[in-house]
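Me: I would like to go through a structure by question and answer. Please show it.

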Amino acid sequence: MDKILQRLLHTIPVLIGISLIVFSLMHLTPGDPVEIMLGEVGYVSQEDIELMRAELGLDRPLIEQYFSFVAGILRGDWGTSLRARVPVKALILERLPATIELTIAAIVVSLIIGIPAGVLSAVRRYSWLDKLGTLVALVGISMPQFWLGLTLILVFSVGLHLLPGGVRLAFDIPAPPTVTGLLLVDSILAGNWTAFWGTMRHLALPALTLGAPMSALTMRVTRSSMLEVIRQDYVTFARAKGVKEMAVVIKHALRNALIPIVTVVALNMGSLLGGNMIVERIFSWPGLGQLVVDSIRTYDYPVVQVSVMIYALTYVAMNLIADLLYMRLNPRVRI
Amino acid sequence: MDKYLARAEEFVITETLQQKLLRVLRRTVSNIQEFWRLYRKNHLAVIGGAIVLAFILLAIFAPWVTPHDPVTPNFRAIRKPPVWMKGGSWTHPLGTDHLGRDIWTRIIYGARVSLFIGFVVVGFATVIGVTLGLISGYYGGKIDAVIQRVIDTLLAFPYLILATALVGVLGPGLRNIVLALLYKEWIYPCRVVRSEVLVAKEQEYVEAARTVGAGNRHIMFREILPNVLASTVVVSTLRVGSVILMEASLSFLGLGVEPPTPAWGSMVAEGRRFINTEWWVSTLPGLAILLTVLGINLMGEGLRDALDPKLRE
Amino acid sequence: MGNCLLEVKDLKTYFNTDNGVAKAVDGVSFSVAHGQAVGIVGESGCGKSVTARSIMRLVDYPGKIVGGQVLFRGEDLLSKSEKEIRHVRGKEIAMIFQDPLSTLNPVLTVGDQIVEAIELHHGGSLPADSPLERLNPFVRRRMRDEAWQRALQMMEQVGIPAPEQRMNEYPHQFSGGMRQRVMIAIALSCSPALLIADEPTTALDVTVQAQILELMKELQRKLNMAVILITHDLGVVAEFCDRVIVMYAGKVVEAGPVDNILFDPQHPYTAGLLKSIPRIEDRHRPIQTIPGMVPELYNLPSGCRFRTRCPMADVRCAEEDPPLVDVSHDHQVSCLQAIA
């Protein structure tokens with residue numbers, strides 16, 4: 001229990017740091033942020049500028065602004081979008097489920113591809129399969145995601161007409177009633193299997209695109225971790241006991257290899273979250289990533305601040321979960 | 001001890017400048033030969049290096065490599081296919097886009113932007129990161145704690161999201177892109193150098209330097225730095241690839257260098273509209289990114305194997 | 001020999017290294033009778049561990065068994081399929097290793113690791129042989145319970161206090177000696193006919209060493225099991241073994257009953273090893289060591305491999321590879337000087 005508490009305490013400085021960076025985003029603008037924001041609209045009077053400055057609290061001292069910003073976040077009052085004139089919270093909550101669904105799908109895809117490929121590569125070390133796998137993984141981390149997404153659309157949607165290349169669900173399939181906002185969950189709840197299958201098909205390409213760099217990375221980590229573990233005496237001892245090779249690899253080797261894999265994958269979760277923006281754009285996915293890009297382009301700073309913060313908090317949360325998982329997997333540090 | 005020091009001084013003094021230069025030169029040459037011997041063994045790394053070199057040369061000599069202009073539209077040659085397809089010609093080996101601009105030309109000029117940003121950002125980041133990493137690792141204590149918390153915080157922000165937001169508030173343009181990427185980029189060399197310094201600090205040569213009365217700055221920059229240089233070079237090389245990917249993503253999202261300056265990411269974004277018919281407009285620049293980054297990564301792994309045997313699995 | 005359990009004939013295990021082929025085991029032959037304790041001694045790198053692993057076919061890449069036969073109950077283990085050899089491992093021949101901390105899986109409880117071994121070979125007595133029956137959850141449950149009981153028994157048998165509680169603990173929660181006991185429990189859980197112990201006491205404290213040896217001896221007698229004990233410690237051999245095989249640079253240089261080897265060594269290497277043991281009766285004499293270094297296995301000297309360090313070597317030793325010949329009943333030596 002102590003260890004968990006300690007770990008939680010460690011995140012406090014990070015959370016403060018996140019709030020500082022997010023807060024400072026608006027003030028990094030060269031010149032007057034209000035003028036830039038309003039400059040988009042065309043001609044504005046000095047009065048309008050003052051009005052807006054007051055609305056954003058920019059007329060108050062910086063310290064005061066920071067504390068009221070933090071207080072607002074904690075209270076759940078995330079401000080108002082300058083463009084849409086609706087609460088930022090509503091805007092974000094509307095977009096969040098689509099992103100969560102896509103991100104989870106991508107994580108699942110990357111683990112399903114990455115771990116078995118890494119294990120296979122390590123077990124068949126020096127074989128052509130290992131060499132090919134390693135090279136493919138290197139290509140995977142060298143590839144721009146938007147290019148992969150376009151290529152997948154070109155091949156599977158344009159060329160082969162196999163999978164849809166955009167949006168969450170075809171317009172001719174009635175969507176299930178919104179409960180969680182996650183279409184897969186909602187369609188199961190409604191017992192609507194047409195919608196479920198449709199959502200799966202729509203998820204396939206974006207999840208693959210979003211998960212590709214992560215699966216390449218997972219593969220590389222799994223491979224090197226497995227190579228390290230396979231050399232250990234307990235693996236030989238398991239063989240000496242007469243354990244089947246498959247069980248040696250999975251029960252004895254992989255369970256140990258997973259310990260470092262969890263940490264590395266969690267640390268690199270940032271690239272997967274960042275990829276949201278790209279993938280959602282390519283596949284017209286109505287998620288948070290698109291909202292960030294659109295808000296940046298329209299200088300809708302309150303929305304930008306909160307969404308960027310949500311991404312950072314997600315990263316922190318995922319690393320916390322990974323640490324707990326690490327403790328769970330490794331009896332030597334278990335609480 | 002004093003006696004030996006005096007002897008050593010004598011030796012240094014009796015060596016003329018010319019002799020010293022010659023000695024250093026000879027050692028450098030043999031180091032390079034040894035490095036090349038190890039590097040050459042990895043064929044993929046040699047190929048990677050060749051790809052990178054080719055792109056660098058093409059970028060530098062762009063005006064001499066292609067007769068076309070990268071930005072002027074040519075309405076007489078709109079959406080021409082590449083040479084290997086029906087209707088293609090050697091005039092436009094990789095075809096043209098919707099404004100009739102030669103794609104090969106734009107890829108070469110786009111390399112200028114990508115490589116420039118990649119090397120400049122990583123260059124600055126390495127200088128900042130190595131300095132902070134040395135300080136953080138060497139002194140430890142409060143200053144280390146502060147730097148580490150800053151790094152933890154920056155790690156929490158997905159790179160691309162932070163860079164996008166920063167370019168958003170700073171405004172577009174080459175300089176702001178470099179700044180936006182630098183904002184986070186320095187933490188990578190910093191982390192590597194710090195952990196290496198922690199190891200090096202305990203080594204005997206540092207102890208020895210301290211015994212003969214060397215100052216902190218001397219120990220950090222003259223004794224420790226040369227020993228952490230190898231891993232810094234490896235990490236920085238690999239980082240160039242990541243930064244190029246970031247820049248490409250930024251320009252894909254419309255936050256890169258301003259059009260009509262060709263950048264790989266924005267070329268892909270512009271060509272997206274024609275993906276159903278003229279697929280080459282967007283896929284070929286993407287392929288250029290893939291090749292460059294792959295080349296850099298292959299090179300980086302080769303460097304790692306050749307420079308730093310202990311990093312090998 | 002009708003009483004013969006294991007017969008190793010001309011075993012060759014080579015390693016492909018960057019420096020060339022290392023002949024770690026190069027034509028080793030010996031046999032082990034039912035219930036017999038055989039010691040294999042030699043310096044590190046002489047091939048004794050590789051010999052042990054070759055018997056179980058557990059040589060890792062880049063090592064490869066390139067020749068010879070390992071006859072177990074008259075059947076050649078080297079020509080068996082992967083599946084067949086698996087039924088020999090653990091059930092017929094068990095093995096324990098030097099460092100129990102690295103040999104026990106850190107993420108599985110001790111109980112799980114013993115139960116696994118029992119379940120793999122049905123603990124010798126467990127029912128439900130048909131695969132269909134094994135799918136039945138009730139049968140599985142019962143098998144699991146029985147295996148758990150048997151594991152408990154084993155823990156008790158190897159002298160682990162409070163076994164019920166310790167079954168659910170992880171290896172890192174055990175002391176070195178207790179870990180080695182766990183490993184013995186795993187190895188002996190299916191009552192193997194042969195136990196190969198690769199330096200089982202080297203990583204332990206001296207007092208614990210004696211306890212573990214005592215335990216092994218007791219269990220050997222109880223189970224009427226043959227043991228191959230690999231060690232570099234002649235004291236352990238004197239205490240434990242009936243027969244001794246001395247290896248040097250991948251070859252057997254001398255083999256014979258333990259008394260012959262200890263009191264009447266014929267090979268200069270064996271004699272050297274014996275002299276290098278510190279003795280109480282001549283504590284004023286400095287400890288003798290064998291001069292020189294073990295040759296590199298990919299760059300062996302011509303003729304006799306020991307000649308570079310041998311005080312008796314002459315010209316002939318460089319020309320002829322000495323054969324292993326009988327010098328007295330059941331006592332063989334491979335040395336031209338000894339035969340002459």
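Me: How many helices does chain B have?
Reply: This is a predicted model, in which local features need pLDDT of at least 70, side-chain atom pairs count only at pLDDT 80 or more, and totals for chains, interfaces and linings use all residues. Residues are numbered from 1 along each chain as its sequence is written, chains are lettered from A and ligands numbered from 1 in the order in which they are written, and side-chain values use heavy atoms, with hydrogens and water left out. Helices (H or I, at least four residues) and strands (E, at least two) are DSSP runs, numbered from the N terminus. Chain B has zero strands, and its helices number 13.

Me: What are the box dimensions of the C-alpha atoms of chain B and the span of the C-alpha trace of chain A?
Reply: Both are taken along the principal axes. The box filled by the C-alpha atoms of chain B is roughly 85 × 45 × 35 Å. For the C-alpha trace of chain A, the span is about 85 × 55 × 40 Å.

Me: How many helices are in the secondary structure of chain A?
Reply: Chain A has zero strands. From the N terminus on, its elements run α-α-α-α-α-α-α-α-α-α-α-α-α-α. The number of helices in chain A is 14.

Me: Which chains have the most contacts between them?
Reply: Contact means heavy atoms within 4.5 Å. No contact joins chain B and chain C, and their closest C-alpha atoms lie 14 Å apart. Two pairs of chains touch, and the most contacts are between chains A and B.

Me: What area is buried between chain A and chain B?
Reply: The size of an interface is often given as the accessible area lost when the parts come together. Buried area is the accessible area (1.4 Å probe) that two parts lose on being put together, summed over both. The contact takes 46 residues from chain A and 44 residues from chain B. Carbon and sulfur atoms give 77% of the buried area, which is about 4100 Å².

Me: Which residues meet in a salt bridge across the interface of chain A and chain B?
Reply: A salt bridge is a side-chain nitrogen of Lys or Arg within 4 Å of a carboxyl oxygen of Asp or Glu. The rule finds one across this interface. At 2.6 Å from N to O, the pair is A:R220 and B:E301.

Me: Which helix gives the largest share of the side of chain A that touches chain B?
Reply: Several helices of chain A each supply at least two residues of this side, including α7 (145-159) and α9 (193-230). The largest share is eight residues, and they come from α1(A).

Me: How many nonpolar residues are on the side of chain A that touches chain B?
Reply: Ala, Val, Leu, Ile, Met, Phe, Trp, Tyr, Cys and Pro count as nonpolar, Asp, Glu, Lys and Arg as charged, and the others, Gly among them, as polar. By class, this side has seven polar and five charged residues, while the nonpolar residues number 34.

Me: What area is buried between chain A and chain C?
Reply: Here the contact takes 20 residues from chain A and 28 residues from chain C. Carbon and sulfur atoms give 59% of the buried area. That area is about 2300 Å².

Me: Which residue of chain A forms a salt bridge with C:D60?
Reply: The count between chain A and chain C is three salt bridges. In the one formed by C:D60, the closest N and O atoms are 3.9 Å apart. Its partner is A:R239.

Me: Which element gives the most to the side of chain A that touches chain C?
Reply: Two elements of chain A give two or more residues to this side, α10 (233-240) and α11. With six residues, the one that gives the most is α10(A).
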